[in-house]
Amino acid sequence: MHGEGAGTFVQALRSLVQQPGISELVAKQNELGGQSVFFSNPRGKKTHKKELEKLCKDAGMHLVGVNINHYEMKNLDVRQPVVNEGIT
């Protein structure tokens with residue numbers, strides 16, 4: 001998933017996790033364990049790296065990785081360490 005698409009994906013995956021019966025309609029053999037996902041520069045609500053890792057784990061999906069553009073200051077995962085560094 002890339003950019004804003006990550007936020008849409010997160011909303012859909014959260015629905016699958018919260019409503020296990022939906023998985024029967026969309027996942028082969030009624031499980032998401034055979035699915036792998038990679039996020040590149042994720043943006044949107046609930047798309048911080050730790051949140052993505054937890055969501056994929058909860059869904060039983062394999063998270064290949066999360067690529068973060070360290071020059072994109074709109075991304076909180078990039079901005080927060082910079083802010084924290086300025087505090088110390």
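Reader: In which sense do S1 and S2 pair?
Author: Strand S1 (residues 36-40) and strand S2 (residues 62-67) pair in the parallel sense, over 5 bridges. Two strands pair if DSSP finds at least two bridges between them; helices (H or I, at least four residues) and strands (E, at least two) are DSSP runs, numbered from the N terminus. This is a predicted model, where local features need pLDDT of at least 70, side-chain atom pairs count only at pLDDT 80 or more, and totals for chains, interfaces and linings use all residues. Residues are numbered from 1 along each chain as its sequence is written, and side-chain values use heavy atoms, without hydrogens and water.

Reader: Which residue in S2 is the bridge partner of Phe-38?
Author: Gly-65 is the partner of Phe-38, while Phe-39 has Val-66 as its bridge partner in S2.

Reader: Turning to aromatic pairs, how many does the structure hold?
Author: The structure holds 1 aromatic pair. Phe-9 and Phe-39 form it edge-to-face, at 5.8 Å centre to centre with 65° between the planes. Rings of Phe, Tyr and Trp (its six-membered ring) pair if their centres lie within 6.5 Å; planes under 30 degrees apart count as stacked, over 60 as edge-to-face and the rest as tilted.
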